[in-house]
Every structure is written in structure tokens, then in C-alpha cells.
Amino acid sequence: MAATQARGLPRTGIVLAALIALTAAAGCGGDADEPAKASPRPSERPSEADSLEVPKPSVSPADGRDIAACADGNCEIAVSEPVKVPFKGPRGPATLSVTEVGPNTIAYTVKSGNGQSKGSANGPGQGCITVLRSNGSGNSCGGLGAAGRPSPQPDAVVIQTATGEDGTAVLQLVSDR
């Protein structure tokens, strides 16, 4: 029996030594409460150029940034600062004034004749739809989901605004003309 203990002792010592070595190696260079992190491979490390990259607009609107394209009540433009967009409304001249635009933020006012309508949205994938008619207007703001270009409505201009992560909002005006 003493021979069995003598043979088992060296194995136990080797296993114990290996566990101590592994524990010591795992604990080097890190906080005891924080798991060790593997270093990224050189090909996976971000380059200096990557960290300086400017966010790109999430969409390419049909009319770019050309506010004049909206004059007839039909356009799709991108804006990244407050602007006034004049257009032909159902009762004559109207103006869409973007009052605030930023990352995932849009706020605006639509004026036509003596009436006005306001809308605002905050958050990714958020926006508003305003339907401007000769006898008034209505707003709906919230998640746009996969909403595409709004459908034209008889004797109305439909305005859809959508927030963008990069601080560029997309404005779509659609009329039946």
C-alpha cells in the first residue's frame, strides 16, 4: 500500500504543478475579476484610416440635396441642416421648414395658407408623414419600418421625413401632379 501512495504522489505533484502554471499564466496582465481577452490578429486590428472614417449617408435620395427639385411637390432630397423647402401645395405656395436635424433626429413645420402642421421624430428608423390637403393637414410620427416612397393622394401633397444615423434626414414629397 505504501508503494501505491509513492507512485501516486509524483503524478499528483505533476498535475498540481501543471495547474499552478496554467493558473499563473492565465492571471498575467489582467484584472482578477475580468476574463482574459485575446489580442486581435494583425489583419483584424482597426487601422488609423478606419478610425478617421466619416459616416456615409444611409441612402442616396433621387434628387440629392437639390431643394429646387421640390418646387412641383414631388422630390426626394437629403438634408443635414435646417432648411426651407418651398413647394406647390394643394391651395398654392407652401413651405416645409426643417427646424432641427441631427443623428436620428428630425423636426419640421409645414405652412400653407393660414394653416401649419408640425412634426418631429427621434431614434433610429423613425420619421413622420404629413398629408397636406386643401382643407387641412394631418400628421403621424413613429417607426417607418420598411416604408418606401409614400403613395400620392388625390388633391394632396404627402410629405415623409425619415431620420438618419449620420445626421442626414431624407425628405420625400409626393403629389398627384
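Let's start with the open sheet: 5 strands in the order β1-β9-β8-β6-β7, with antiparallel pairing. Strands here are DSSP runs of E of at least two residues, helices are runs of H or I of at least four residues, and both are numbered from the N terminus. Two strands count as paired if DSSP finds at least two bridges between them. At the edges stand β1 and β7, residues 136–143 for the latter, and each has a single partner strand, so one side of each is left without a neighbour in the sheet. On average, neighbouring strands of this sheet are turned by 15° against each other, direction ignored. For that angle, axes are lines fitted to C-alpha atoms, for helices over the stretch in contact, and angles run from 0 to 180 degrees between N-to-C directions.

Before I go on, a word on what you are looking at. This is a predicted model, where local features need pLDDT of at least 70 and side-chain atom pairs count only at pLDDT 80 or more, while totals for chains, interfaces and linings use all residues. Residues are numbered from 1 along each chain as its sequence is written, and side-chain values use heavy atoms, with hydrogens and water left out.

Now, please find β8 in the sheet. How many of its residues are buried? The count is 7 of 7, so to speak a strand that is mostly covered, where buried means under 20% relative accessible area, exposed over 50%, and partly exposed in between, with a 1.4 Å probe and protein chains only. In a regular strand the side chains alternate between the two faces of the sheet. In β8, Ala 156, Val 158, Gln 160 and Ala 162 are on one side, Val 157, Ile 159 and Thr 161 are on the other, and all of them are buried.

What about the partners of β8? Towards β6 there are 7 bridges, and the two strands run antiparallel. Within that pairing, Arg 133 has Ala 156 as its bridge partner, and Gly 127 stands opposite Ala 162. Gly 127 also stands opposite Gly 142 in β7. β6 and β7 pair in the antiparallel sense over 8 bridges, and they form a hairpin with 2 residues between them.

Towards β9, β8 has 6 bridges, again antiparallel. The hairpin of β8 and β9 has 6 residues between the strands, and Gly 167 in that hairpin takes a positive phi near 90°.

Let me stay with β9 for a moment and show you Val 174, which lies in this strand. Val 174 stands opposite Val 158. Is Val 174 buried or exposed? Val 174 counts as buried because its relative accessibility is 4%. Leaving aside neighbours within four places in sequence, its contacts (heavy atoms within 4.5 Å) include Gly 73, Asn 74, Arg 149, Pro 150 and Val 157. The C-alpha atoms of Val 174 and Gln 160 are separated by 8.5 Å, and these residues are 14 apart along the chain.

On to the core. The largest nonpolar core has 22 residues, and those with the most contacts inside it are Phe 87, Leu 96, Ile 106, Leu 171 and Leu 173. A nonpolar core here is a set of buried Ala, Val, Leu, Ile, Met, Phe, Trp, Tyr and Cys residues joined through side-chain atoms within 4.5 Å. Elements that give two or more residues to this core include β2 (83–89), β4 (105–112), β8 (156–162) and β9 (169–175). β3 gives the most, with 4 residues. If you click on Leu 96, you'll find Val 83, Phe 87, Tyr 108, Ile 159, Leu 171 and Leu 173 among its contacts beyond four places in sequence.

Two loop residues are worth a look too. Asn 104, in the loop between β3 and β4, has a positive phi of about 55° although it is not a glycine. Asn 104 counts as buried, at 17% relative accessibility. Asp 155, in the loop between β7 and β8, has a positive phi of about 50° and is not a glycine either. Asp 155 is exposed, with a relative accessible area of 58%.

Buried residues make up 32% of the 177 residues.
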